[in-house]
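Good morning, and thank you for coming.

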Amino acid sequence: MTKEPFDQAFMQLPLGYARHTILFKDDSHTKDYILTEANDTFLRYLNIKEEDALQQSISLILHSASDQPAWFNFYKNPDQWNQEQNSIMKADNHYYKVTLSYPDPNTMITIFDDITELVGELHNVKETNEKLMRDIDIFFNSTQDALFLAAYKDGEFRYIKNNSLHQQMTGITTPMFGKTPVEVLGEKVGTALKESYERCIASGKGLTYEETVEFPEGTRDWLVRLTPVKEDDKISYIIGSRLDITELKRLKEEKEQLLKNFNSMFTEHSAIMLIIDAASGKILDANPQACSFYGYTKEEMLRMCIDEINTLSNDSTRQLRIQAFNRERQYFLFPHRLKSGEIKMVDVYSSPVTYGDNTRLYSIIFDVSDREQYRDDLYREKEMLSVTLNSIGDGVVTTDLDGKITYLNQAAEEITGWSTKEAYSKSFMEIFDLRNETTGNIVPNPISAVLETGMIVGLANHTVLLNKNGNFIPIADSAAPIRDESGHVYGVVMVFRDVSQEKRQQERILYLSYHDPLTQIFNRRYMEEELNRMDQTSQLPIAIIMGDVNGLKVINDVFGHKTGDLLLTEVAKTLQYSLHNTGIAARWGGDEFLILLPHTDHRKAQDIISRLEEAFRKSDRLPLEVSVAMGFDVKEDMTQSLSQSLQKAEEKMYHKKLLEGKSYRNSIITTLLATLYEKSMETEEHAVRLETYCMAIADKLNLSTEDKNELSLLAILHDIGKVGVNIETLNKPGPLNNEEWKEMMRHPEIGYRIAQNTPELSTVSEYILSHHERWDGTGYPRGIKGTDIPLLCRILAVADAYDAMTNNRSYRKAMDSRTAMDEIGRCSGTQFDPFIVNIFLNLNHIF
C-alpha cells in the first residue's frame with residue numbers, strides 16, 4: 001500500500017516514529033499494541049529489524065530489544081509519558097522525549113526524540129548551577145558581613161537568600177525565601193527597609209547608610225550597604241550587607257567623649273602640656289598653661305620647634321625624642337629657655353600617642369627649677385661635707401643601730417688601713433681593735449656605750465688602735481649618737497685622730513724642756529730638778545763639777561758663731577763620752593757646763609777632771625785647742641747644802657780660769673797668727689820687715705817707747721782679722737768681685753774684736769780697726785780721714801804698701817824699690833799722710 005505523503009515525511013524524520021494498532025483484551029483494561037509502521041530511527045532505538053517487527057505484537061518484539069525493562073515499562077502504560085513532567089524516558093543510556101497521539105481510538109502514534117546530548121548539556125548546566133549555588137552559599141556564610149539577596153520585580157522586593165550571620169545577628173531564623181520585607185518584619189520595620197531598597201533602585205548605584213532597626217534579636221545599629229544587580233540593563237536584584245556597628249558606635253561615642261575629656265584636661269589642667277612631632281620636633285599643640293609658662297601666644301608656639309626652647313644641642317634633643325617615641329625612655333630633665341631668656345629646669349614625661357594614623361609625642365612638663373636648685377644646694381652641701389670630712393685630719397666613722405659600719409672618711413681609711421668598701425657592714429670591733437697601750441687589754445666598745453646610754457662617750461687615755469697592717473696607733477676620740485628630727489637615735493658617729501704626732505711632739509717638748517737644743521745634753525732646768533731629786537743620803541757622796549769654756553767669744557768673733565756652736569757641741573760630746581754613765585752632764589749657761597756625780601768622792605772627782613782635760617787636749621776637730629776651766633766640790637753628808645757645794649765648785653772654776661787665762665790667751669794669739677800665715681800670703685818675714693820700716697819712721701818722729709811697742713805689736717797683728725776670711729778670697733790671683741771685697745773689708749773689724757777680747761792686746765785694738773783708712777777719707781771700715789786716723793795707722797799704711805809692692809803676690813810680680821817709692825809719692829795726700837810719706841822717702845839708708 002502506498003503511504004500517504006504525511007507518513008512518508010515521518011518515515012524520513014531523524015526521530016523515532018512508530019504506528020501502533022491497539023488491541024483490547026477481554027477485561028477491556030489490558031491493552032496490547034501491534035507495530036504496524038516504524039521508521040529506521042525507531043527500529044535502531046529498539047535494535048530490531050523491520051521484517052521481524054512489523055505486524056508483530058510489541059510485547060513479542062520487546063523480548064529481543066535492548067533495555068527491555070524501560071520499553072516494557074513504557075508500553076505498560078504509554079499515557080503516563082504523555083504528561084509534561086513525565087515526557088522523558090531513559091532506555092539503554094539514552095534519553096528520549098516521548099510524544100503520543102491517537103488519530104483514532106484504535107491507533108497510537110509514538111514519536112521518540114533522542115535528547116541524550118541535550119540531557120547531558122542540561123546535566124552539566126545543572127551541576128554548574130549547583131556548584132555556583134554552593135559557592136554562593138560558601139560566600140554568603142563565610143563573609144564577616146550579614147548578607148541577604150532580594151529579587152526586585154514589578155515594584156516589589158522578595159527575599160531570596162540570607163546567610164547564617166544575618167540570621168544570627170538579626171534573629172530572623174524563619175525562612176525568608178519569597179517573602180517581602182513587610183512579611184518578614186512587619187509593617188513598620190518592613191516599610192522602612194523597603195523605602196531604603198527603593199532609594200537604591202532609584203539611584204541605580206550602591207548605597208551605604210546607617211540605620212537603627214528593631215530585629216527579633218533586639219534593637220541594633222547597622223551599617224548597611226545595598227548594591228543593585230542589573231539583568232539585561234534592568235535592576236532585578238539587590239544584594240545587601242549589614243554590619244553591626246552597635247558596639248563600634250558605642251565606642252565611637254565613648255571615644256568622642258574621651259576626646260572631649262582629653263581636650264578638657266589638656267586645656268584646663270594646671271600642668272604644662274605639649275604635643276610634638278617626634279621626627280621634626282615641631283610643636284603641634286600647646287595648652288594655655290604651656291603658653292603662660294613659656295611666655296608665648298599659642299600662635300607663636302605652633303610656629304616653633306621644641307629645639308628653640310630646649311637649650312641642649314639639636315642632635316641631642318632629636319636623639320632623646322627618638323628614644324621617647326620608641327618607648328625606650330619616658331622621663332627627661334631639660335633646661336628650657338622662656339621667651340624672657342630665663343632658663344628653667346623642667347621634668348618632661350613624654351610618651352607616644354596615636355591620633356588616627358599618626359603618632360605624636362605627648363609631653364607633660366613640670367617646672368622643677370626650685371627642686372633642682374635645692375638638689376644643687378644639697379649636692380654642694382653634701383660635697384662640702386664630703387670634702388670637709390675627707391680633708392680634716394681626724395678620722396670619722398659612722399655605724400647603724402647594730403654597730404655595723406656605714407662610712408669611713410679618708411683619714412679613717414688611712415689610720416685603720418681599711419677602705420669603706422671593705423669595712424662596710426662589718427661590726428665596729430672587727431675593724432677597730434682598741435687596746436690599752438700599757439696593759440694590752442681590750443678597751444670597751446665606745447659604740448655600744450653610746451647606743452646603751454644615748455650620751456657622748458670618750459676613749460680612755462693611752463688607747464691604741466691595732467690597724468689592718470698590724471701597727472699600734474695611739475688615738476684619742478669621742479663617739480656621739482646620730483639623731484633624726486624627732487630625736488631618735490639611728491646611728492653613732494665616732495671622731496678619732498692619730499695622736500702619734502702629738503705624742504712625739506709632747507715627747508719632743510718634754511725633751512726640749514730638759515735638753516739644750518744646741519748640744520743635745522741636759523739643760524739647766526733639768527739639772528736643777530736633779531739637784532733636788534738627788535739631794536738625799538742614798539746618793540752620798542755627791543760631787544759637782546762646774547766647767548767654763550775658754551775662748552768662746554774669740555772663736556765667735558774670728559770664725560763666726562757657727563764655729564763657736566761647734567766648740568760647745570764638741571765639749572758636750574766629750575763630757576758625755578768621758579763620763580760613761582757615771583754622772584749627769586748639763587749645759588748650765590752660755591759657755592758653762594755642770595756635772596753631777598752621785599757616789600763620787602774627792603779622788604774620783606779629780607780623776608774625772610783629769611780624764612776630761614786630757615780628752616779636750618786631744619780634740620782636733622776645731623781650728624783652736626778646746627780648753628775648759630773646771631772646778632769641783634763634794635757633798636759628803638746631809639748637814640751640808642748641795643747648793644753650797646755648787647757655789648764652791650763655781651768659785652774654784654773661776655779661780656782656775658783666772659790662773660789659766662793669760663796663758664790660754666797667748667796660746668790663742670799664737671794659734672791665730674799661725675793660721676794666718678798658713679792660709680794667706682802674710683808671712684812672719686813680712687811682719688819683721690814691716691816692723692823695721694815702722695821703727696825707722698818712729699825714730700824720725702821721736703816716738704815714745706810705749707808708742708814704739710804698740711807700733712811693733714800693730715805691725716805683727718794688724719791683719720790678724722784675715723783668719724776669718726775665706727782662704728779662696730785671700731789667695732785669689734785676680735781682682736776681687738764685689739762680694740769678695742765685702743768679705744775682705746771685714747778683716748779690720750774681726751781683728752778689732754780679737755784684740756778687744758784679749759786684755760794684753762786691747763791697747764792696739766783701735767789701731768787694728770783703722771789700719772785701712774785713707775788720708776782722703778775713702779778708706780774702710782769707717783771712712784775717717786786726715787789726722788782723725790791714728791798716727792800709728794798712718795805710719796803702718798805707708799810701710800805696709802811699700803812692702804806689698806816690693807814682694808811677689810799671687811796676682812802680680814814684685815816691683816823694684818824705686819818704682820814702689822814713686823808710687824807711694826804719687827799717692828801722697830790721697831791714700832797716705834804727706835808728712836809720713838816725706839819722712840819715709842828720705843829713709844834711703846834702710847832700703
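Before that, two remarks on method. This is a predicted model, in which local features need pLDDT of at least 70 and side-chain atom pairs count only at pLDDT 80 or more, while totals for chains, interfaces and linings use all residues. Residues are numbered from 1 along each chain as its sequence is written, and side-chain values use heavy atoms, with hydrogens and water left out.

Let us begin with strand 2, which covers residues 31-38. Strands here are DSSP runs of E with at least two residues, and helices are runs of H or I with at least four, both numbered from the N terminus. Two strands pair if DSSP finds at least two bridges between them. Strand 2 runs antiparallel to strand 1 (residues 16-24), and 7 bridges join them. Within that pairing, Ile22 stands opposite Tyr33. Strand 2 is also joined to strand 3 (residues 56-57) by 2 bridges, again antiparallel, and there Leu35 faces Gln56. Is strand 2 mostly buried or exposed? Buried means under 20% relative accessible area, exposed over 50%, and partly exposed in between, with a 1.4 Å probe and protein chains only. Of its 8 residues, 6 are buried, so strand 2 is largely enclosed by the rest of the structure.

Next comes an open sheet of 5 strands, in the order 8-7-11-10-9, with antiparallel pairing. Strand 8 (156-162) and strand 9 (207-215) stand at its edges, each with a single partner strand, so one side of each has no neighbour in the sheet. Inside the sheet, strand 10 (residues 218-231) and strand 11 (residues 234-244) pair over 10 bridges, with Val224 opposite Arg242.

UniProt, in an unreviewed entry, places "domain: PAC" at residues 207-257 and 459-511; such annotations may be inferred rather than shown by experiment. Residues 207-257 are 24% helix and 67% strand, whereas residues 459-511 are 23% helix and 49% strand.

Further along is helix 30, residues 791-805. From first C-alpha to last, helix 30 reaches 22 Å, close to the expected 21 Å, a span taken as 1.5 Å times one less than the number of residues. Because 14 of its 15 residues are buried, helix 30 is largely enclosed by the rest of the structure.

Finally, Ile48 lies in the loop between helix 2 (40-46) and helix 3 (50-53). At 13% relative accessibility, Ile48 counts as buried. The C-alpha atoms of Ile48 and Lys604 are separated by 187 Å.
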